[in-house]
Amino acid sequence: MKSTTKRLISSVILKEGLNYLEKDPINNFNKLLNWSSKIIVRPEHKQKLEALTKMWNDPNSTGHRIIKRFFDELHPNIRRKFLTNYMLNSGILGAPIREKLKKKHDCNIPWAILMDPTSACNLNCTGCWAAEYSKTTSLSYEELDRIIREGKELGIYMYIYSGGEPLMRKDDLIQLAKVHDDCMFLSFTNGTLIDEDFAMELQNVGNFGLAISVEGFEEETDARRGEGTYQKVLEAMDILKEYGIVFGFSTCYHSKNTETIISKEYIDFLAEKGCLFGWYFTYVPIGKDAVVDLLVSPEQRAYMYHKMREIRSQTSMFLLDFWNDGEYVNGCIAGGRNYLHINSNGDVEPCAFIHYANTNIKETSLLEALKSPLFREYRKHQPFNENQLRPCPMLDNPDILKEMVNQSNAYSTQLIDKESVEELTDKCQEAAAAWAVTADEIWYK
């Protein structure tokens, strides 16, 4: 009752603030920040609000440029839902619920859930981890709906889709966004199924954004994703920008494209196309036939680390490197610490790149899955290294991953190509040892 009352009061305050904000977004943003300070009580949230206020008041900062684009380029309904669902429900009101339940149940409660509506895909990209799953599995609408309902009871209001190609189920995903109007949704997508009708639906629901996969410019993207894919991606971005949809890019960097995908030319081009954020993932050798040569060298990963910090000060996008930004989140975020992954077969995995599990969501509740042996092993071992530039239990600390999987008796979730944890970690040992030398030089210096 106390939580519900607080939510209602906060929603009323925010609604009034948003109504005022829409009259003159740029000039009234400071007043919204002041109103927000009245409903924020947690110290960490106050710190973030102070940082946001500082960024906004510095017109030369990246944060100021991002916020200005947020108001200039997004449709009003998108802005409203993002502020209400992402900032308030997920970021502020959901946090104390999650913290309380973590203590009560002695387990991780994530900020976000990543799940695969389907394993089917209209492309066949080289090195895609989803290619190791069966192409015929899927989570039903009812199962997706149940996961979200159980998640909200745990204070989780952020839901992300991967696959396969999630937009092969776009009618179901739009319906889920309508039903769960208090949540924020994001889908990874190859971008080839986006048209004006879908953009209009995204605009109407307001709480659904996209992360479009792109591997560089035309040559790099089509080499991995198939001829003609790049041009379809650009067409999709043009449509989304026209309709004021929140979207960004997702790029996998590997030994063949590292310098291209972090170049100022690449970043500026995607910002101009309308991307508000960019998520970087490094290539991971999942599957017995994985191409190990695509793993980045220590020099390339170090280049990404330094270049990312340089480019962030120059861009108008929020950029994130999931392997090199461990210092900002105290290491690995998987295992339910900040997120988990539910594949299209229902297996509840600690990470999208760690294909081992103890439980299946079709047979258990979300809370019970978070208490499973493998997730408890993650909770016990995190962070996996005091050097937070070596956050990953697979690429950076493979012996720890092997220990956790064996200790928990987890099974392989790859339906096509079951790979033992020994086979997987053996492929990572050399790269992990080489990166350890470079990472320690950067971290301790």
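Author: Let's start with angles: under 35 degrees counts as roughly parallel, over 145 as roughly antiparallel, 65 to 115 as roughly perpendicular and the rest as oblique. You're looking at a predicted model, with residues numbered from 1 along each chain as its sequence is written. Local features need pLDDT of at least 70, side-chain atom pairs need 80 or more, totals for chains, interfaces and linings use all residues, and side-chain values use heavy atoms, leaving out hydrogens and water.

Reader: OK, so how do α9 and α10 lie to each other?

Author: Helix α9 (residues 218-225) packs on α10 at an angle of about 115°, with the axes 8 Å apart. Helices (H or I, at least four residues) and strands (E, at least two) are DSSP runs, numbered from the N terminus. Axes are lines fitted to C-alpha atoms, for helices over the stretch in contact, with angles from 0 to 180 degrees between N-to-C directions. Therefore α9 and α10 are roughly perpendicular.

Reader: Which α10 residues meet α9?

Author: Contact means heavy atoms within 4.5 Å. On the α9 side you'll find E218, T221, D222 and R225. Their partners in α10 are T229, Y230 and Q231.

Reader: And how are α16 and α17 arranged to each other?

Author: The axes of α16 (residues 373-381) and α17 (residues 398-408) come within 8 Å and cross at roughly 140°. On the α16 side, P373, L374, E377, Y378 and H381 make the contact, and α17 brings residues including I400, L401 and M404. By their angle, α16 and α17 are therefore oblique.

Reader: Which residues of α8 are buried?

Author: Buried means under 20% relative accessible area, exposed over 50% and partly exposed in between (1.4 Å probe, protein chains only). The cover over the buried part of α8 includes α5 (76-105), α7 (170-179), β4 (208-213) and α10 (229-242). Helix α8 itself spans residues 196-205, and its buried residues are F198, A199, L202, Q203 and V205.

Reader: What kind of pair do F249 and Y280 make?

Author: F249 sits in strand β5 (residues 247-253) and Y280 in strand β6 (residues 277-282), so the pair ties together parts 31 residues apart in sequence. Both F249 and Y280 are buried. Their ring centres are 5.5 Å apart with planes at 85°, so the pair is edge-to-face.

Conventions: Phe/Tyr/Trp six-rings, centres within 6.5 Å; stacked < 30°, edge-to-face > 60°.
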